[in-house]
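I opened my notebook today to look at what surrounds the ligand in this model. Here are my entries, in the order I looked things up.

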Amino acid sequence: MENILSIAIQKSGRLSEKSLEIIRSCGIDFASDSRVLREMASNFPLQFLFVRDDDIPGYVESGVADIGIVGRNEYDESGKELEVVRDLKFASCRLSIAVPHGFAYKDLSSLEGKRIATSYPRILSSVLGRYGVKAEPVVVSGSVEITVQIGVADAIADLVSTGTTLKANGLEEAECIYRSSAVMIGRPDMSDGKRAILTRLLERIDAVMMARKKKYILFNLPAGKLDDAARIIGGMKSPTVTPLMDRDWVSVQSAVDEERFWSVFEDLRALGAEGILVMNIEKMTE
Ligand code: PRT
Ligand code: ZN
């Protein structure tokens, strides 16, 4: 359908909730709770297709869906040539080599001739190939972490986030070989009509993602300290400055990077800022 963009989303798993949440925060409404196979948004030309994550790159390639949200690992492993339209920066994880205690791991060359169990043979072999290491991949579709104990592999290459699963299975994380997070993929040859809908969607997603990285801060400051405050807040051309009844004081407001927030807060306090108010930003553009 020319005037509708279809998006493939994981039906149930680590990506499902956050994928839907980011779309919902773009002001796009849908029922979703039933997670039927297909569903239409009520106020945006977007149709959802709820499927297994492994199938998403293939569905996007074949045109069953126009775009999809999937782990970068799953996309790269698929070998499909699609467009990565956005890194959505959630569901971050790494693909790591893990070895049993007592395995003398130095670097990737320690894997020469070893059996390595993984669900990501394509990514693994491309990394090993780059370092000229020849190992024997053992491809399993799940429970990679038990393969050493049951004697089918000498080491593994598996996704890790906290590392708890590796530890529980007597393995040590030896080296991270690849990093992943959820990405939005799309068909490069989308029609103009669909591309226009995607552009609208991306504008909203960017506004939501940018807002999440910032806090809005409002405070009163002795007027003479304005230049110092601007330097502390940094990265912005013009904080909004409003005069107060008391001419010696001004009210200042600005967006601040979330990751620098506490140091900015403390420096402003030390400068004499009072009545500091901090707010979450819902949407934002450059
Ligand atoms: O049913 P379907 O095929 O749709 O889902 P799935 O079971 O194949 O995928 P799912 O939902 O488990 O993961 C989807 C995506 O989430 C992956 O492709 C990754 O991009 C991403 N992701 C993020 C992870 C993890 N973190 C993660 N920790 N995928 C898997 N894991 C595994 C890890 O391998 C370990 O077994 O979760 C376990 C816990 O990890 P630790 O390190 O916290 O103990
Ligand atoms: Zn899967």
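Entry one: the make-up of the shell. I sorted the residues around ligand 1 by class and found nine polar, six charged and five nonpolar residues. I am working from a predicted model, so I keep in mind that side-chain atom pairs count only at pLDDT 80 or more.

I looked up which of the 20 residues around ligand 1 come nearest, and got Arg14, Asn73, Leu159, Thr162 and Thr165.

I started with Arg14, where a side-chain N or O atom is 2.6 Å from an oxygen atom of ligand 1. Next I checked Asn73, and a polar atom of its side chain also lies 2.6 Å from a ligand 1 oxygen. For Leu159 I had to look at the backbone: one of its N or O atoms there lies 2.6 Å from an oxygen atom of ligand 1.

I then asked how much of ligand 1 the protein covers. On its own ligand 1 has 830 Å² of accessible area, and the protein covers 79% of that.

I find ligand 1 in the largest pocket. I listed the elements that give two or more residues to its shell, and they are α3 (72-78), β9 (155-160) and α5 (164-168). Strand β9 gives the largest share, with three residues.

I traced the shell back to domain 1 (5-90 + 182-211) and domain 2 (93-179), and each gives at least three residues.

Technical notes. Residues numbered from 1 in each chain as written. Chains lettered and ligands numbered in written order. Predicted model: local features only at pLDDT ≥ 70, side-chain atom pairs only at ≥ 80, totals over all residues. Heavy atoms only, no water. Near = heavy atom within 4 Å. Polar contact = N/O pair within 3.5 Å; in protein donor to acceptor, adjacent residues only side chain to side chain. Areas by Shrake-Rupley, 256 points an atom, 1.4 Å probe, with all protein chains shown as cover. 1 Å grid on protein atoms, 1.4 Å probe; cavity = no way out; pocket = protein on both sides within 12 Å on 5 of 7 lines; lining within 4 Å. Sits in = over half its atoms within 2 Å of the grid points. Helix = DSSP H or I, 4+ residues; strand = E, 2+ residues; numbered from the N terminus. Nonpolar A, V, L, I, M, F, W, Y, C, P; charged D, E, K, R; others polar. Domains from an automatic or database assignment.
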